[in-house]
Amino acid sequence: MNIKRKRYYIGGLLILFMILAVVTNPTTQDYIDFIEEQSGTPIPLNIDIERNNFFIFSTYAPKIISTGEYGTVHLGFMGKFFKISQGQYDYPWWLASYCFTHSKKSFWKSPSE
């Protein structure tokens with residue numbers, strides 16, 4: 001097999017992988033179901049789920065509404081969830097700068113602000 005043909009196969013597989021990752025990116029409801037299945041109890045009303053969508057994967061963090069502190073952060077990829085923080089109420093260092101600069105508040109400012 002020549003090099004040009006290998007490049008087309010690898011490129012095609014990469015595109016197929018990216019499409020599969022985008023299609024199977026978990027939703028917030030998937031995360032809520034995952035947490036409720038793990039804990040065996042429904043999520044309390046004073047907890048907000050913050051989702052940061054990176055298209056091929058997403059991060060999910062439960063946030064206590066009254067204090068603004070975060071719980072254990074999970075990474076959702078291909079329909080599965082992976083724990084990426086120890087639950088010290090923060091995002092991992094490699095994700096913190098993105099999450100705090102792209103929070104819901106920065107996206108949902110009113111026109112008067």
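Mentor: A residue is called buried when its relative accessible area is under 20%, exposed when over 50%, and partly exposed in between, using a 1.4 Å probe and protein chains only. This is a predicted model, in which local features need pLDDT of at least 70 and side-chain atom pairs count only at pLDDT 80 or more, while totals for chains, interfaces and linings use all residues. Residues are numbered from 1 along each chain as its sequence is written, and side-chain values use heavy atoms, with hydrogens and water left out.

Trainee: Which residues in H2 are buried, and what puts them on the same side of H2?

Mentor: Tyr 31, Ile 32 and Ile 35 are buried in H2. Because they cover an arc of only 100° around the axis, they lie on the same side of H2; the arc is that of the directions from the helix axis to the C-beta atoms.

Trainee: What makes up the lining of the largest pocket, by nonpolar, polar and charged residues?

Mentor: Counting Ala, Val, Leu, Ile, Met, Phe, Trp, Tyr, Cys and Pro as nonpolar, Asp, Glu, Lys and Arg as charged, and the others, Gly among them, as polar, the lining divides into eight nonpolar, five polar and no charged residues. The largest share, four residues, comes from H2, and Ile 35 is one of the residues nearest the pocket's centre.

Terms used: Helix = DSSP H or I, 4+ residues; strand = E, 2+ residues; numbered from the N terminus. 1 Å grid on protein atoms, 1.4 Å probe; cavity = no way out; pocket = protein on both sides within 12 Å on 5 of 7 lines; lining within 4 Å.
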